[in-house]
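Subject: The two-chain model, and what turned up in it

Hello,

Here is the structure I promised to pass on.

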Amino acid sequence: MEPVLRVHSKTVVLASSNIDTDQIIPARFLTTTTKQGLGRQLFADWRYRADGAPDPDFALNRPEARGAAVLVAGRNFGCGSSREHAPWALLDFGFRAVISTEIADIFRSNSLKNGLLPVVVDDATSRWLLDNPGALVDIDLGAARLTLPTGVSVTFPLEAFARHCLMNGIDELGYLRSRLKDIERFEAARSG
Amino acid sequence: MAARTLFDKVWTAHEVVAETADTPAVLYIDLHLIHEVTSPQAFSVLRDLGLPVRRPDRTLATMDHSIPTSTEQVFGNVPIKLDAAAKQVRQLERNAAEFGVELFGMRDARRGIVHVISPELGTTQPGMTIVCGDSHTSTHGAFGALAFGIGTTEVGHVFATQALLQRKPKTFAVNVEGRLHPGVTAKDLILAVIGKIGVSGGTGRVFEYRGSAIRALSMDERMTVCNMSIEAGARAGMIAPDEVTFAYLMDKPRAPRGAEWDGALARWRSLVTDPGADFDSSVDIDASLLEPMITYGTNPGMVIPIGASIPAAGDEVFDKALRYMGFHGGDAMLGKPVDVVFIGSCTNGRLGDLEAAAHILKDRKVAPGVRLLIVPGSQSIKREAEAAGYADIFKAAGAEWAESGCSMCLGMNGDTVAAGQYSISTSNRNFEGRQGVGARTLLVSPFTAAASAVRGRIADPREML
């Protein structure tokens with residue numbers, strides 16, 4: 001995994017709350033056996049019309065959204081299924097961070113393991129971001145700090161170990177395997 | 001020792017390394033369930049790193065999500081219709097063989113929805129840690145296990161180490177006292193809980209369902225309750241094991257036997273929250289006030305009693321949901337039209353659920369123009385339902401009776417609802433497009449689903465008991 005130190009980008013806004021992983025990537029696309037290429041199917045049922053043509057009114061299809069790496073969403077983003085295809089699709093599309101007032105547990109965990117930053121902010125910061133699509137924001141991982149173009153700056157919760165892994169491009173599996181002796185001892189102690 | 005919760009006891013017993021400010025806990029995993037959709041990429045990681053599945057004896061595989069439910073495709077000579085699904089099924093067969101993982105394959109008599117078959121086998125046991133790349137892993141909490149859904153990266157972690165890195169979640173007591181009235185089920189109970197605390201009310205928390213109404217539930221019903229914990233945002237929901245749990249497990253094929261059973265029972269009896277133990281938060285529900293529930297929107301928290309009307313007005317999300325559903329604020333739910341009825345899923349695909357459906361459907365017919373699809377949660381349940389005569393009742397009523405699988409809950413296998421159609425479903429999610437592009441899902445109990453299939457309109461099952 002590439003180290004992630006900073007995300008500096010304009011935003012795209014999807015203001016709905018409770019955007020679930022079925023919207024992020026519908027189940028019919030989960031028959032894939034790889035992680036690649038899911039960006040095309042990101043938000044498929046919102047992004048494309050029935051005839052398959054992109055819906056020009058959908059935020060991600062607008063010209064000003066091109067190149068945006070930060071998705072601002074309403075409360076409780078990523079609820080629902082455990083499909084890691086959701087962060088895979090967001091990353092493949094080009095997103096590097098998601099900002100919301102609340103992010104669902106499994107989606108959050110899956111995102112961190114793939115280098116997609118879950119950024120949880122207060123209501124006022126969220127309100128401003130929802131009202132100002134395209135805003136140029138700066139996310140500094142070292143300080144766990146989000147800075148708006150207004151100069152307002154807020155910190156966000158980021159678990160210490162996840163931050164360490166993200167900033168150093170470390171795969172958590174490496175750390176877990178370094179504890180294999182402990183795992184073996186644990187198994188021996190409970191004889192199984 | 002200080003009073004501890006059930007969750008605390010199970011968590012602590014599986015801490016290989018306790019968490020610190022800088023590092024999460026290393027949590028040991030007793031049982032790893034896998035299926036065809038969320039495992040292929042994890043097997044690829046093992047292959048890339050040259051690693052084995054460390055504990056195949058603690059790993060169990062089946063196929064449920066993308067598998068067909070048509071008998072011809074499962075047992076006949078008709079190939080699986082969806083190419084991508086066929087590829088995924090074959091991939092799991094290859095992966096399981098290569099890595100030495102036990103697989104209940106497509107034609108295995110023990111196959112079924114992963115969260116249905118593990119309890120049936122007796123591999124789900126009190127006090128265990130159980131994970132699966134599926135959010136409804138919370139189901140197994142009904143046995144007093146700590147069971148939660150994980151992503152595919154974590155599936156790889158468990159393959160390679162039999163452990164996970166986890167921060168300790170907070171606890172949430174869901175206290176349900178009183179008796180459910182006839183016609184009001186475990187499904188209605190959990191929908192009411194979600195309606196009360198909201199779809200993110202449990203984020204970062206593990207539920208413990210407690211109280212006389214929970215104690216009175218069968219294991220099938222307890223699984224329905226724990227199954228939908230994730231719909232309130234909680235990764236896990238637990239119920240302390242008791243005599244109901246032990247009676248269920250006693251004769252299961254892989255439950256402990258003889259002296260081992262006695263030892264297990266002694267351990268399992270200690271898996272209760274100590275008097276005076278503190279929860280981080282709690283909610284109280286009076287079961288005697290509950291009615292059959294039905295969702296009207298596009299998340300499981302948008303739910304009301306079946307005789308009630310949709311709220312008159314709400315926020316933008318409410319408006320968007322109602323537009324999608326083709327409903328209006330203030331509409332009554334009773335009498336609304338029905339196109340498809342689905343009875344099944346890891347929420348309501350067990351024998352008790354099929355018994356409830358049979359109770360309503362006996363000597364009645366599905367209304368003209370309505371499709372009723374009944375999909376048992378496992379092949380074992382299919383055989384039991386056939387032996388009990390339920391399958392004959394379903395077929396006589398005009399329902400379709402299929403092979404087991406996730407089926408129309410998420411429509412991955414081609415069992416879908418057409419755009420704009422109303423689906424009365426016993427599954428767990430009414431998200432936009434969940435059962436098919438443009439499909440409109442209303443979540444209910446098996447009683448309400450069967451009653452609505454007969455009437456051809458949304459119906460109160462209490463009139464037909």
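Helix 14 of chain B (residues 351-361) is largely enclosed by the rest of the structure, because eight of its eleven residues are buried. Buried here means that 20 or more other C-beta atoms, placed from the backbone, lie within 10 Å of the residue's own; 12 or fewer makes it exposed, and in between it is partly exposed. The buried ones are L351(B), D353(B), L354(B), A356(B), A357(B), A358(B), I360(B) and L361(B). After helix 14 of chain B comes D363(B), with a positive phi near 60 degrees. Helices (H or I, at least four residues) and strands (E, at least two) are DSSP runs, numbered from the N terminus.

Before you read on: this is a predicted model, in which local features need pLDDT of at least 70 and side-chain atom pairs count only at pLDDT 80 or more, while totals for chains, interfaces and linings use all residues. Residues are numbered from 1 along each chain as its sequence is written, and chains are lettered from A and ligands numbered from 1 in the order in which they are written.

Next, strand 18 of chain B (residues 422-425). Y422(B) and I424(B) point one way from the strand, S423(B) and S425(B) point the other way, and all are buried. Strand 18 of chain B pairs with strand 15 (residues 340-343) of chain B in the parallel sense, over three bridges; pairing requires that DSSP finds at least two bridges between the strands. In that pair, V341(B) has I424(B) as its bridge partner. Strand 18 of chain B also runs parallel to strand 19 (residues 440-443) of chain B, joined by four bridges, and there S425(B) is partnered with L443(B).

On the domain level, chain B is assigned domain 1 (6-166), domain 2 (170-241 + 270-288) and domain 3 (294-463), with bounds from an automatic or database domain assignment. The centres of domains 2 and 3 of chain B, taken over C-alpha atoms, are 23 Å apart. Domain 2 of chain B gives 17 residues to their contact and domain 3 of chain B gives 18, where contact means C-beta atoms, placed from the backbone, within 7 Å. On the domain 2 side, helix 7 (186-197) and helix 9 (219-227) of chain B each give two or more residues.

Finally, the two chains: 41 residues of chain A are in contact with 52 residues of chain B. Elements of chain A giving two or more residues to its side include helix 4 (105-112) and helix 6 (160-168).

Happy browsing!
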